[in-house]
Amino acid sequence: MGLEYASVRTFFGVPKGFQDAALADSGRLIAEMNPHGPNCAKVENGTRNRWKEKTGLEPQDSRFTVIVPIHNEERFLPAALGAIARSDIPSSAHVNFVFVTNNCTDSSSQIVDQFMNTFGKVGKNTFLPGDINELKDSGLDAEYSSTTYGNMTFTRLNTSTASKANALNLGNYLAVQKGDKIAVSVDANNFVEPDAVASLFGTAYES
């Protein structure tokens, strides 16, 4: 990810515990936030080992969706995305990140697209009419943004419908379309610990 996510301004308003942990681990933070950096292979190998230890699965055998509902979160969103970026999720895991900007009147959509662009060129796709009808959200934009990195996909949907429940429904629909049996949710104003997503997935898989 772009190093601006590790800048001082990113941490404004972020809980002190997260600040301390992130700043103390700045070397790893910056490396993991730059998937095209010189330490990428070393970081990936360490992440792969931690993932298997935490979940009991090889990354390539892991498949799930992470849904992030977003409503006017421009103040906290860069730091929240930075926290997601430094999660112990190897790129060989089949993870579908779904960011749903719902009724945003700030720059949240642009922030997410900029974040996604650090992984690969963000392209535009269009839902099929049948998908639009199935989702039953009259405020949903037919066009959505997406990119990929390794086995990971990053998708941003936009809707004028202000509802977290609806945002989760949209994310779950994409999870089903991808064939995922597990979906977890992370709020856009939360700063997840590096092993949080692995813990959520591992617990869900065991169940």
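1. Thr 101 counts as buried because its relative accessibility is 0%, where buried means under 20% relative accessible area, with a 1.4 Å probe and protein chains only. This is a predicted model, in which local features need pLDDT of at least 70 and side-chain atom pairs count only at pLDDT 80 or more, while totals for chains, interfaces and linings use all residues. Residues are numbered from 1 along each chain as its sequence is written, and side-chain values use heavy atoms, with hydrogens and water left out.

2. Thr 101 sits in strand β2, residues 94-102; strands are DSSP runs of E with at least two residues, helices are runs of H or I with at least four, and both are numbered from the N terminus.

3. Leaving aside neighbours within four places in sequence, Thr 101 is in contact, meaning heavy atoms within 4.5 Å, with residues including Ile 70, Ser 108, Leu 157, Asn 158 and Thr 159.

4. A pocket is an open set of points on a 1 Å grid where a 1.4 Å probe fits, with protein on both sides within 12 Å along at least five of seven lines, and its lining residues have an atom within 4 Å of a point. The largest pocket is lined by 15 residues, with Phe 127, Tyr 144, Thr 155, Leu 174 and Lys 178 nearest its centre. Two or more lining residues come from each of β3 (123-126), β4 (143-149), β5 (152-159) and α7 (164-178), and β4 gives the most, with 4 residues.

Methods
Buried < 20%, exposed > 50% of the residue type's maximum accessible area, 1.4 Å probe, protein only.
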